[in-house]
Amino acid sequence: MLSNSLIEKDRAHYFHPVVPIRAHEERGVTIMQSGKGVFLKDAEGNELLDGFAGLWCVNAGYGHESVVEAAAEQMRRLPYATGYFHFGSEPAIELAAKLADLSPGDLDHVFFTLGGSDAVDTVIRMVRYYFNARGETSKKHFIALEKGYHGSSSNGAGLTALPVFHDKFDLPMQWQHHIASPFPYRNDATTDEEIIAQGVANLRAKVAELGAENVAAFIMELVQGSGGVIVPPEGYAKAMQDTCRELGILFIVDEVITGFGRTGPMFGCEHEDLTPDFLTTAKGLTSGYAPMGAVFVSDRIYQTIADAAPEGVPFGHGFTYSGHPVSAAVALEVIKLYEGGMIENAKTVGAYFEAQLKTLLDHPVVGDVRAKGLLAGIEIVSSKDTKAKPAKDKDVAGRLAKAGYENGVIFRAFADDVIGLAPPICITEAEVDLLIARLRATLDTILDVEG
Ligand code: PMP
């Protein structure tokens, strides 16, 4: 059988990202075969509702012929063009202009990467270059949030605050710091105002401890994704931005997940009219049809960087595949789909999704449901009163993933007993109903966490 020989090859040769390696070898790979809309088919012919849009990236859904055509057309015409040597390609230039037009504030300049990790890495390098160019050479420290995720590059993984990205990797580095996550469900502060005030106080305290003259930037996700889909109160990000401005440190927003309709509007920044100094994107930029990320740089920072090097000296940062024309053509076509109705859908069906998810709060193992548009987390507890976590030996995450699959739904089962949801933003209300029904059936299989 096709999948048996592939499973053997996978076991022998495919070093997978972010899996428990020995457990993966034992379990064997699950092979995905095709997709249409919000549904995936695996190699065994099972049809699954993809409640996680691949890895929260296939925002437009699967099987869009217009995107395939755009990629094929570009590949036929010109499969590659570098951005070095003052060269460029039509789609990369059009895409930069389009993104500058869509982006919040004065984020008018776009640097292309291959994904989110190198987008974060690019920002770190640009921030250093910027402060050195200004003669503020002591500004080296970066502050991020606990439970934050900022990629898997050597530098970004240190800003990420998840233990498995640090342990045995010699991270974080001495210039990387973390302050408490504004986690409403597990926070002594109870009101939004208190949580926001606490966040601002934490940032101030960390900057005071390091010395403002030594701090370069603060970076945050607008919804913390890989940390368990943590939705800060409305106003939190704005308060952090204001505090950064007051303290003279740069404000970086990581929209790798929240960009391109994931929380409703095109960018999460629109919820609070944020004007960050840098913004990172990837994932939904191409809807996962081709690899690409982008860093949006504010005009002020760009002008300083551009003026810094002596005439004729190149800015020493770039990738072979920066502004890849096929990925850029894909992104332009995907953005057409977003603007052609999917952003509106993300807003209306997103509100429906949030309301329907809340109905799961009556389930005996559900402690918390948190959502912003089509991005959500469901936290499993063994006691709703004490918010106690299920015992580790109950293997809630492993059992949920398995039961979900058997019930025809894919979601992310985080190790700390949170179900992560991020369906394609083209999802309909009827498909949301199906998703919720399959989730409820899945939750019914883990009633024993109550002990
Ligand atoms: N930032 C955030 C907020 C992310 O969620 C991710 C990926 N999950 C990244 C950065 C890194 O992106 P990539 O995996 O494309 O390198």
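Q: What should I know before I start?
A: Residues are numbered from 1 along each chain as its sequence is written. The model is predicted, so local features need pLDDT of at least 70 and side-chain atom pairs count only at pLDDT 80 or more, while totals for chains, interfaces and linings use all residues.

Q: Which domains is the chain divided into?
A: Domain bounds come from an automatic or database domain assignment. Here you get domain 1 (2-63 + 341-450) and domain 2 (66-337). Their C-alpha centres lie 26 Å apart.

Q: How many residues of the two domains are in contact?
A: Two residues are in contact if their C-beta atoms, placed from the backbone, lie within 7 Å. On that rule, 28 residues of domain 1 touch 22 residues of domain 2. On the domain 1 side, helix H12 (325-358) gives the most, with five residues. Helices (H or I, at least four residues) are DSSP runs, numbered from the N terminus.

Q: How do I describe two packed helices?
A: You give the angle between their axes and the distance between the axes. Axes are lines fitted to C-alpha atoms, for helices over the stretch in contact, and angles run from 0 to 180 degrees between N-to-C directions. Take H4 (residues 65-77) and H12: they pack at about 150°, with axes 8 Å apart. That makes H4 roughly antiparallel to H12 (over 145 degrees; under 35 is roughly parallel, 65 to 115 roughly perpendicular, and the rest oblique). Among the residues making the contact are Ala70 and Ala71 of H4 and Ala329 and Val330 of H12. The contact divides into ten nonpolar, two polar and one charged. Ala, Val, Leu, Ile, Met, Phe, Trp, Tyr, Cys and Pro count as nonpolar, Asp, Glu, Lys and Arg as charged, and the others, Gly among them, as polar.

Q: At what angle do H6 and H11 cross?
A: The axes of H6 (residues 116-133) and H11 (residues 299-308) cross at roughly 65° and come within 9 Å. That makes H6 roughly perpendicular to H11. In this pair, Met126, Tyr129, Tyr130 and Ala133 of H6 meet Ile301, Thr304, Ile305 and Ala308 of H11. Seven of these contact residues are nonpolar, one is polar and none is charged.

Q: Which residues around the ligand are the closest?
A: A residue is near a molecule if its C-beta atom, placed from the backbone, lies within 6 Å of it. The ligand has 16 residues around it, the closest being Gly115, Gly116, Ser117, Gly151 and Val256. H6 turns up again, giving the most to this shell with three residues. By class, the shell has nine polar, five nonpolar and two charged residues.

Technical notes
Helix = DSSP H or I, 4+ residues; strand = E, 2+ residues; numbered from the N terminus.
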